Amino acid sequence: MTMTGLAALGSSAFAAGPPAAQPVIELRQYKILKGRRDAMIALFEREFVDSQEALGIRIIGQFRDLDDPDRFTWIREFESMAARATALNAFYFGPLWKAHRDEANALLDDNDNVLLLHPAVAGLGFGPLTRPVMAGGPAGLVIATIHYLWKDAGEGFGSFFQERMQPALAAAGLPVLSAYVPEREPNNFPRLPVRQSEKLFVWFTRVPDAAAYDAAMVRLRADKLWHATTGAALDDFEERAAQILRLAPASRSTLR
């Protein structure tokens, strides 16, 4: 998916507010006990992919963080906040989670770093994804960039991203797959904490490998227009430095 549809909507799309019902995702970053990440991924892919999807939860992907050997990141999507409440109640009070929760919890150091997000513009979520037929097939690198902002994205950053950042990113070799902002509807499954009060903007891209990402960033920073205008303006929008997640897809990840 590209940002073409975003440009057609114009800047007002960010200021108009979210529609009444739309898909939401959870971007979940788990701190795993030292040296146990592969065990967590094996358990997750064996027990928690098909079982969640059977309840209407879409598992977008699960990843090894290249910059933290003890972090397991995964993303799941719900058709709406109402669907989220129904599905999470069914899963976490259901027999499969009860059968395996002790095994999963024994691998966790912390699992409260969770962002609840909706598409920055309607239709700008993750498009159709197909889980690889054969585990261990070719995979690229998924990059998630989290911009921490002084103000809500609708107060200028959304249109700035659309009009100035996105074309420059694409030209450098970082096409935007999707973009998200915080979901402000209250957490309807409080048993699982989420970070909802922060002002941020999250976008995803995909590259063949880490070297390709590094090369794209070199091209971006060498661009005179980016250096003179866009990069400086981005600094003004940001409350602190962006978090960049370099995510290597696990074998059953659909986003790869």
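**Entry 1: the whole chain**

I began with contacts, meaning heavy atoms within 4.5 Å. Among those in the protein chain between residues at least 6 apart in sequence, 84% join residues at least 24 apart. I am working with a predicted model, where local features need pLDDT of at least 70, side-chain atom pairs count only at pLDDT 80 or more, and totals for chains, interfaces and linings use all residues. Residues are numbered from 1 along each chain as its sequence is written, and side-chain values use heavy atoms, with hydrogens and water left out.

I counted nine helices and eight strands in the protein chain. These are DSSP runs numbered from the N terminus: helices are H or I of at least four residues, strands are E of at least two.

Next I looked up overall size. The C-alpha atoms fill a box of roughly 55 × 40 × 30 Å along the principal axes. The radius of gyration is 18 Å, which agrees with the value near 18 Å for a compact globule of 256 residues. That radius is taken over C-alpha atoms, and the globule rule is 2.2 Å times the number of residues to the power 0.38.

I also noted that 52% of the 256 residues are buried, which means under 20% relative accessible area with a 1.4 Å probe, protein chains only.

**Entry 2: serine 178**

I found serine 178 in strand β6 (residues 178-182). Its relative accessibility is 0%, so serine 178 counts as buried. Leaving out residues up to four places away in sequence, I see serine 178 touching Leu124, Gly125, Phe126, Val202, Trp203 and Phe204.

**Entry 3: two helix pairs**

For helices, I used axes fitted to C-alpha atoms over the stretch in contact, with angles from 0 to 180 degrees between N-to-C directions.

I took helix α3 (residues 37-48) and helix α6 (residues 95-105) to start with; they pack at about 180° with axes 11 Å apart. The two are therefore roughly antiparallel, the label for angles over 145 degrees; under 35 is roughly parallel, 65 to 115 roughly perpendicular and the rest oblique. From α3, Met40, Leu43, Arg46, Glu47 and Phe48 make the contact, and from α6, Leu96, Trp97, His100, Glu103 and Ala104.

Then I turned to helix α7 (residues 157-172) and helix α8 (residues 210-222), whose axes come within 8 Å and cross at roughly 125°. That makes α7 oblique to α8. Here Ala168, Leu169 and Ala172 of α7 meet Ala216, Arg219 and Leu220 of α8.

Notes: Buried means under 20% relative accessible area, exposed over 50%, partly exposed in between (1.4 Å probe, protein chains only).
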